[in-house]
Amino acid sequence: MAPRWKWKGAEAKALAEPISKSVTELQLSLSKTESSGTLSSSNVLLAVEPEQAELLDRCCFGRLVLSAEKAKKWIQLSFEEAFFLFYSLKCIKISLKGRYLEDEVDTWTYMKSKRPNFPIFYKAYSHLRSKNWVLRSGLQYGVDFVAYRHHPSLVHSEYSVLVQSGDSDRLIVWSDIHCAVRLSGSVAKTLLTLYVNGYFKGEDLNLPVCLENFTVEEQTISRWSPQLSREDETTNSKPNVTPLLSNLKNL
Amino acid sequence: MEEKDWEASSSSENEAGFPNDDDDDEFHSGGSEPRLQFRVGSSKARWIAELGMAEVEVKRGKLWTTTGIIRSGKTYCFIEEALYLSEIGELQILGSEDDVVITLKDLYENIAEEKSGCCWENYEVYRYLKSLGYILGRHGVSWTSKNAAISTPSGQEESVCSGECPQEKDTITQLLVDMQIFDAKAVYDVYLPNSRFKKSSPNEPSFVACFSGDSPPSKEDIKVLRNRIAAPLMFCHIAQGRASFFSFSSIDLPVLP
């Protein structure tokens with residue numbers, strides 16, 4: 001599926017301002033101000049300056065928390081987004097209950113304790129983010145993430161993403177496949193599964209370095225319609241009695 | 001600065017963009033049924049139990065350019081081909097011993113008992129695609145062969161030609177497949193409707209129809225089949241008269257600028 005740019009000139013704008021460039025700018029800015037996020041049971045709250053909020057928006061990290069405060073902006077980050085800024089980009093600090101979590105393992109352990117599937121989801125998230133794809137929550141489409149080629153204001157997302165792993169209980173029966181593919185198709189996206197390979201037992205997951213031992217396999221699942229693919233003369237695409245009989249004449 | 005919700009602001013995010021295919025796959029139209037009658041002077045074939053195939057004795061119509069395999073100048077058809085042609089009134093099948101007509105009931109029983117390498121699910125997909133004009137052959141069986149006799153066809157992907165078939169690149173995989181360790185099987189080579197189709201040079205199929213049974217194929221099964229087969233794979237799922245075809249494609253999203 002080719003990228004669907006939202007307006008004329010959007011593609012040119014995207015080319016002129018690649019995501020990677022915005023991310024680097026963001027990284028530098030946050031490091032300089034030693035920005036710090038507060039960890040809670042479901043997200044990380046980051047206080048930033050207005051220009052930084054703008055940069056975060058440009059790279060699609062987090063959601064702005066509306067407030068009357070002018071000098072400071074509050075951004076709510078998901079665990080994946082926060083850990084990416086903290087561990088991969090190394091541009092924010094994380095604090096819990098007023099104390100900085102200097103050791104990455106502490107943040108990892110905390111996030112893992114709140115969401116047991118966090119390690120696998122993070123691997124999938126960072127896999128695509130490292131390729132400069134933009135990932136947002138896929139909840140409203142019934143999936144884990146949606147992947148954009150650039151900022152959502154410029155382009156429609158191409159992929160709806162489901163994360164799978166060895167002991168995964170996703171896409172187990174045929175109706176799961178039908179459901180996920182139909183949902184994706186109805187919003188003009190291709191279903192993409194990210195299969196995370198690795199050992200997920202006990203101690204293996206204790207350190208974020210376990211991420212280095214995981215690999216991610218990408219796979220698309222799509223449905224093919226026999227009616228629409230024929231190169232023959234009959235253009236009637238709805239199956240009913242007439243094409244059946246007219247086909248007989250062609251045999 | 002208001003919160004910008006880029007997803008919600010564009011209503012076209014939810015446009016379908018694709019034709020509504022709710023009714024696409026119901027090939028039982030329910031109401032009126034086609035009135036099929038045996039063509040006067042339809043083709044005739046004789047069932048050979050040991051082979052699980054029918055040997056064609058009388059050919060009528062152009063359908064034989066896209067049905068049946070040729071061995072030593074004779075045409076043979078598999079159970080699914082025989083059953084389909086019988087259903088649409090194009091073929092009468094006679095018993096090996098005498099000229100007693102083998103009924104649809106007998107053929108359906110054969111399929112239900114999977115006696116000749118075809119199960120009901122395979123047959124439903126075969127019939128569905130044939131009725132849309134596609135050309136189907138059993139995977140691993142060549143359409144023609146110069147000098148081979150037929151060996152017993154089975155549900156497995158054995159070649160019935162005399163070594164002129166492309167060699168299996170991975171013989172261990174073939175052994176495992178024959179042992180049916182894997183749940184997913186490649187069943188039909190499918191070609192787009194083509195009035196110029198030639199059995200002597202069919203070219204590569206448009207795709208190979210695979211079945212994984214009760215559940216979707218596992219990652220490993222897909223890998224094994226993909227290593228063995230160059231053509232695109234479609235996994236078929238048919239239930240309650242609804243046929244769906246899914247492709248599982250390995251990709252590698254590009255690194256963006």
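Tutor: Domain bounds here come from an automatic or database domain assignment. For chain B, that assignment gives domain 1 (38-118) and domain 2 (119-143 + 171-249). First, the ground rules. This is a predicted model, where local features need pLDDT of at least 70, side-chain atom pairs count only at pLDDT 80 or more, and totals for chains, interfaces and linings use all residues. Residues are numbered from 1 along each chain as its sequence is written, chains are lettered from A and ligands numbered from 1 in the order in which they are written, and side-chain values use heavy atoms, with hydrogens and water left out.

Now the interface in chain B. The centres of domain 1 and domain 2 of chain B, taken over C-alpha atoms, lie 22 Å apart. Contact (heavy atoms within 4.5 Å) involves 22 residues from domain 1 of chain B and 17 residues from domain 2 of chain B.

Next, area. Buried area is the accessible area (1.4 Å probe) that two parts lose on being put together, summed over both. Domain 1 and domain 2 of chain B bury about 1,700 Å² between them. Carbon and sulfur atoms carry 55% of that area. On the side of domain 1 of chain B, the residues that lose the most area to domain 2 of chain B are B:Thr66, B:Glu80 and B:Tyr84. Together they make up 34% of what that side buries.

A salt bridge needs a side-chain nitrogen of Lys or Arg within 4 Å of a carboxyl oxygen of Asp or Glu. The rule finds two across this interface of domain 1 and domain 2 of chain B. One of the salt bridges in chain B joins B:Arg127 to B:Glu87, with the closest N and O atoms 2.9 Å apart.

Last, the elements. Helices (H or I, at least four residues) and strands (E, at least two) are DSSP runs, numbered from the N terminus. On the side of domain 1 of chain B that touches domain 2 of chain B, two or more residues each come from strand 3 (69-71), helix 2 (79-87) and helix 3 (104-112) of chain B. Helix 2 of chain B gives the largest share of that side, six residues. By class, the side of domain 1 of chain B that touches domain 2 of chain B has 10 nonpolar, seven polar and five charged residues. Here Ala, Val, Leu, Ile, Met, Phe, Trp, Tyr, Cys and Pro count as nonpolar, Asp, Glu, Lys and Arg as charged, and the others, Gly among them, as polar.
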